[in-house]
Amino acid sequence: MDRFQEMQVFAAVAQEQGFSAAARRLGLSAASVTRAVAALEERIGTLLLTRTTRSVHLSEAGQRYLEDCRRILAEVQEAEDSAAGSHAQPRGQLTITAPVLFGEMFVTPLMVGYLTQFPEVSINALLIDRVVSMVEEGIDVAVRIAELPDSNQHAIHVGEVRWVICASPAFLAARGRPRHPNELSGAPVVATSAIGQHRTWSFLDAHELLNVRPEPRLVVTANQGAITAACLGLGFTRVLSYQVASKVAAGELEIVLADFELPPLPIHVIYQGGRKAPARVRSFVDFTVKALREHPALRG
């Protein structure tokens with residue numbers, strides 16, 4: 001294999017975290033994939049992958065090399081597309097990640113609209129509530145709800161959301177509206193373990209951090225389950241504002257303790273490559289940024 005092919009093989013092994021899976025994806029034999037990576041490591045003079053009997057992981061040198069491989073392979077693809085007269089026409093596969101519920105509510109409709117507009121693009125979407133490595137998992141575009149660490153990735157701010165406490169109008173009419181977060185202690189609460197929020201709920205009281213430990217009557221693994229239980233009058237729940245925006249607008253839930261909320265969390269669309277990113281990445285980012293910035297539920 002030439003160096004370009006070896007890069008493609010190495011990138012596939014890193015993304016699939018295995019030689020056999022990479023071989024199936026590339027239509028090669030597992031032995032040829034193994035030989036290609038071994039030849040690459042021998043020529044470079046360092047270990048790029050750490051192998052165990054069950055998995056394959058990038059070494060520190062391998063992670064740096066993978067970043068360069070992805071950049072080089074993307075530039076080659078872009079050059080070929082440009083030479084073929086398709087530089088401005090998005091094509092190929094996009095890999096995208098977003099939090100589960102945000103992805104279902106906001107990103108999935110955007111993907112459908114984008115794919116309708118650009119029929120030569122396909123999308124692989126990873127909707128998951130953990131932060132994935134864009135380099136190791138081959139992610140082109142990520143939507144993140146959090147303050148971002150400094151990185152060489154490009155991030156565009158598209159909105160913000162808040163942690164809110166809410167309950168059904170019937171529940172509040174029967175129990176009364178809390179005037180202070182401490183009143184949640186001992187109150188009927190529906191918590192979610194999906195994002196580790198059932199142990200401590202945080203607030204700001206006179207600019208000081210206040211932590212309350214609720215005693216939930218119900219703990220569910222999915223935010224939507226907690227929202228449904230709250231709508232049915234079981235108790236208070238704590239979720240992100242976008243997750244209940246439609247329920248609040250419809251009068252099914254009411255937000256309480258708004259004066260004690262933490263500062264809003266920013267929403268960013270993150271991508272790699274900058275101006276050198278493929279047309280499919282740039283066009284999807286533009287499409288997504290415009291739509292999310294216009295959505296009323298993402299304005300804090």
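In which sense do β5 and β14 pair, and over how many bridges? In this predicted model, the two strands pair in the antiparallel sense over five bridges.

**View 1. Strand β5 between its two partner strands.** On one flank, β5 and β14 form an antiparallel pair with five bridges, in which isoleucine 270 of β14 is the bridge partner of alanine 142. β5 also pairs with β3, here in the parallel sense and over two bridges. In that pairing, threonine 97 stands opposite alanine 142 of β5. Strands of a sheet pair through backbone hydrogen bonds, in either a parallel or an antiparallel arrangement.

**View 2. The two covered faces of β5.** Five of the five residues of β5 are buried, so the strand is largely enclosed by the rest of the structure. Val141, Val143 and Ile145 are buried on one side, and Ala142 and Arg144 are buried on the other. In a regular strand, side chains alternate between the two faces of the sheet.

**View 3. The largest nonpolar core.** This core comprises 31 residues, of which Phe102, Val141, Tyr242, Ile267, Val269, Leu292 and Leu298 touch the most other members. Two or more residues are contributed by each of β3 (92-98), α5 (100-117), β5 (141-145), β6 (154-161), β14 (265-271) and α9 (279-293). The largest share, seven residues, comes from α5. At least three residues are drawn from each of domain 2 (92-159 + 265-294) and domain 3 (163-260). Apart from this core lies another, of 23 residues, including Ala11, Phe19, Leu40 and Leu48.

**View 4. The surroundings of valine 269.** When its neighbours within four places in sequence are left aside, valine 269 is in contact with Val141, Ala142 and Val143, among others. Its contacts also include His154, Ala155, Ile156 and Val158, together with Val285, Thr288, Val289 and Leu292.

**View 5. The five-stranded open sheet.** The strand order is β11-β8-β12-β7-β13, and the pairing is mixed. β11 (218-220) and β13 (254-256) stand at the edges with a single partner strand each, so one side of each has no neighbour in the sheet. Neighbouring strands are turned against each other by 35 degrees on average, direction ignored. Strand β7 (residues 163-167) pairs with β13 in the antiparallel sense over three bridges, and isoleucine 255 in β13 is the bridge partner of cysteine 166.

**View 6. Helices α7 and α8 across the strands.** Helix α7 (residues 223-231) lies across β8 (189-192), β11 and β12 (236-240), and runs at about 170 degrees to β8. Helix α8 (residues 241-249) lies across β7, β12 and β13, with an angle of about 120 degrees to β12. Serine 241 belongs to helix α8 and is buried, with a relative accessible area of 8%. Beyond residues up to four places away in sequence, serine 241 touches Val161, Arg162 and Val164.

**View 7. Two loop residues with positive phi.** Histidine 207, although not a glycine, has a positive phi of about 70 degrees. Histidine 207 lies in the loop between β9 (201-205) and β10 (208-212) and counts as exposed at 77% relative accessibility. Leucine 257 also has a positive phi, near 60 degrees, and is found in the loop between β13 and β14. At 7% relative accessibility, leucine 257 counts as buried.

Methods
Residues numbered from 1 in each chain as written. Predicted model: local features only at pLDDT ≥ 70, side-chain atom pairs only at ≥ 80, totals over all residues. Heavy atoms only, no water. Core = buried A, V, L, I, M, F, W, Y, C linked by side-chain atoms within 4.5 Å. Buried < 20%, exposed > 50% of the residue type's maximum accessible area, 1.4 Å probe, protein only. Helix = DSSP H or I, 4+ residues; strand = E, 2+ residues; numbered from the N terminus. Domains from an automatic or database assignment. Contact = heavy atoms within 4.5 Å. Pairing = 2+ DSSP bridges. Axes fitted to C-alpha atoms, helices over the stretch in contact; angles between N-to-C directions.
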